[in-house]
Amino acid sequence: LSANLPNGPNQTEQLIPLLWYTSKMYEIYYWTACQGFTGRAFAPLCMLEHAGVPYKILGPEGKPGGVFAMPVIKSPNGPSVSQVAAICHMLGHELKMAPTDPSEDAKALQLCLDAADFVSEGDKEGKLEGERKAKWLAHFDGLVKIQDSPTYSDFAILQALGMCSVFGSTSVSVTDFPANLRAWYDHMKTTKGVQAVLAKKVPLMPKKDILLP
């Protein structure tokens, strides 16, 4: 992916300092280099595509030090970060997809951590069912909203809902989503970054021929 620089003096405020003017790019480290599945790298990939910044995807073999679980992302600004919530938070701030108000930013980070908990429960057989499933979906339903410019938490929640919908260890399905959550989910699937990642035709999870439910 190559970033296209906006033209004209009136568009300079759209430029991301340092990132637009460097040949360096983000590096994502993930299983199969995202050739077999996108998994937990889906949200970061969508954010990078949405912002139109250059990146490359590598396998786990050469991952930087100081991190543990995949995915890992190395920023052109220096740090290497793992854990989806932390990655989305960092990208949100570097790519101008974070709330400017500190308290709203804290809420966005909370939603990323909620999404991680949701995935953790969904990956356990029989854990995310019945009243527990309904409670989680109602939680997200009450907090997401359709907006012209999605924030980093939107991508994290989208990934979590998509993953749990294809796990097989839980019965979570898009047909379970309350009205607002379903409308938001369908809208997020039409956004620039998500469409770009889906166009690559790589399944969300291994051994599942599903891009995003």
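## Close-ups of a predicted fold

**Figure 1. The whole chain at a glance.** The protein chain has 7 helices and 4 strands (DSSP runs numbered from the N terminus, with helices being H or I of at least four residues and strands being E of at least two). This is a predicted model, where local features need pLDDT of at least 70, side-chain atom pairs count only at pLDDT 80 or more, and totals for chains, interfaces and linings use all residues. Residues are numbered from 1 along each chain as its sequence is written, and side-chain values use heavy atoms, with hydrogens and water left out. Going along the sequence, the elements come as β-α-β-β-β-α-α-α-α-α-α. Of the 213 residues, 50% count as buried (under 20% relative accessible area, with exposed meaning over 50% and partly exposed in between, using a 1.4 Å probe and protein chains only). Take the contacts with a separation of 6 or more: 70% of them come from residues 24 or more positions apart (a contact is heavy atoms within 4.5 Å). The chain exposes about 10,300 Å², and carbon and sulfur atoms supply 53% of that (Shrake-Rupley areas with a 1.4 Å probe; for residues, only the protein chains shown count as cover).

Figure 2. The structure holds 5 aromatic pairs (Phe, Tyr and Trp rings, the six-membered one for Trp, with centres within 6.5 Å; planes under 30 degrees apart are stacked, over 60 edge-to-face, the rest tilted). One of them joins F118 and W136 edge-to-face, at 5.7 Å centre to centre with 65° between the planes. F118 sits in helix α3 (residues 102-122) and W136 in helix α4 (residues 130-141), so this pair ties together parts 18 residues apart in sequence. F118 is buried at 0% relative accessibility, and W136 is buried too at 12%. F118 also pairs with F140: the ring centres are 5.5 Å apart and the planes at 85°, so this pair is edge-to-face as well. With F118 in α3 and F140 in α4, the second pair bridges parts 22 residues apart in sequence.

**Figure 3. Helix α2 against helix α3.** Helix α2 (residues 84-94) packs on α3 at about 145°, with the axes 9 Å apart (axes are lines fitted to C-alpha atoms, for helices over the stretch in contact, and angles run from 0 to 180 degrees between N-to-C directions). A85, C88, H89 and H93 of α2 make the contact with D105, L109, C112 and L113 of α3. In the loop between these two helices you'll find L95, which is buried at 5% relative accessibility. The C-alpha atoms of L95 and T151 are 9.9 Å apart, though 56 residues separate them along the chain.

Figure 4. Most residues other than glycine have a negative phi, and most peptide bonds are trans. The bond from M70 to P71 is cis, with omega near 0°, and P71 is in the loop between β2 (55-58) and β3 (72-74). K201, in the segment after α7 (192-198), has a positive phi near 60° and is exposed at 62% relative accessible area. K207 is in the segment after α7 too, with a positive phi of about 65° and a relative accessible area of 88%, so it counts as exposed. Finally, K63 lies over the face of F68, at 5.9 Å from the ring centre (the cut-offs are NZ of Lys or CZ of Arg within 6 Å of the ring centre and within 35 degrees of the ring normal).
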